[in-house]
Amino acid sequence: MDKRRTGYAFTVTSEGGIMGEAILREDDGHIATLSINRPEKRNALNPDALFSIGEIVSNLKKDSNIRVIVIRGAGEKIFSSGADLSGGSGDMEKMIKGMEHCLDNLISYPSPIIAMVSGPAIGMGLDISVISDFRIVSETARFGAPLVKLGRTYYYSAIHRLTSLVGLAAAKELLLTGRLIDAKRALEIGLVNNVVPSDELINTTYALARELAEESAPLAVRTTKLTIHKVLEYRGINPEIEVELQALVDKVNQSEDAVEGVKAMLEKRKPKFTGK
């Protein structure tokens, strides 16, 4: 089998340079695997890692040889614990730009994306999973959207994606409580496609990846995926309401509670929210 180990991860700087190894890429035939490689941070995604994912996926759009992307956490214990907020509020603008760059490229990637999830997929880890076309997970997988516990809220697009996938009741359960749910509950609500024992996760995931890459016509797959996305866009809300919601979310995410939530998390204490 043709196998190209690129093993790189990069962030394009203002000078166009390459740095970091937070994200690893490995190509095997028509399948590209991206591994989140920050085990010391529980695979939390900092701005550099987010920009890296965005740039790698942007380049993969131009690679006609690649027909499927698999996203996983390096090792087998954790997918991603979410955004790395250790940089504090001073890093937030760069973090938001990194998130936008990452998510925009994942959303617009024309071919299938599979999230292979072992352990926690929280916050940004959950959103990357939701954006993926398939979620194959081990029995150790856990999912959560804990922003309310940090005094913050998700943007309309993330809420729309999650609600479209799992329905109104389950989306409220995740978003309003901030609870973690296990793999069994994730399967019950339609968040994941398949739950398998840990020792079967890799084989099950790559069997699906090979099926998509080798048995389905690439043009037909891309066109079908695009059509599904257009149907979801048609079911969305009008641009004026989206702008209004964006303003409300920005207000919440710049509130005193939002500052307190992040500060409390970094100081490993319970937050004291005031509703301001």
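In the predicted model, three strands form an open sheet of mixed pairing, in the order β6-β8-β9. Strands here are DSSP E runs of at least two residues and helices are H or I runs of at least four, numbered from the N terminus; two strands pair if DSSP finds at least two bridges between them. The edges of the sheet are β6 (120–122) and β9 (180–182), each of which pairs on one side only. On average, neighbouring strands are turned by 20° against each other, direction ignored. Axes are lines fitted to C-alpha atoms, for helices over the stretch in contact, and angles between N-to-C directions run from 0 to 180 degrees.

Strands β6 and β8 (residues 142–144) run parallel and are joined by three bridges. Ala121 has Phe143 of β8 as its bridge partner. Helix α3 (residues 124–131) packs on the sheet, where it touches β6 and β8, and its direction makes about 90° with that of β6. Contact denotes heavy atoms within 4.5 Å.

As the model is predicted, local features need pLDDT of at least 70 and side-chain atom pairs count only at pLDDT 80 or more, whereas totals for chains, interfaces and linings use all residues. Residues are numbered from 1 along each chain as its sequence is written, and side-chain values use heavy atoms, with hydrogens and water left out.

The largest nonpolar core holds 53 residues, of which Leu106, Ile128, Phe143 and Leu191 touch the most other members. Such a core is a set of buried Ala, Val, Leu, Ile, Met, Phe, Trp, Tyr and Cys residues joined through side-chain atoms within 4.5 Å; buried means under 20% relative accessible area, exposed over 50%, and partly exposed in between (1.4 Å probe, protein chains only). Helix α1 (residues 47–60) contributes the largest share of this core, six residues. Setting aside residues up to four places away in sequence, the contacts of Leu191 include Leu126, Val130, Phe143, Leu162, Val166 and Ile181. A second, separate core of 13 residues includes Ile114, Ile136, Tyr206 and Ala209.

Two of these contacts of Leu191, Leu162 and Val166, are among the buried residues of helix α4 (residues 156–166), as are Tyr156, Ala158 and Arg161. Just after α4, Gly167 adopts a positive phi of about 95°. In helix α10 (residues 256–266), the buried residues are Asp257, Ala258, Glu260, Gly261, Val262 and Ala264.

Asp27 lies in strand β2 (residues 23–28) and counts as buried because its relative accessibility is 1%.
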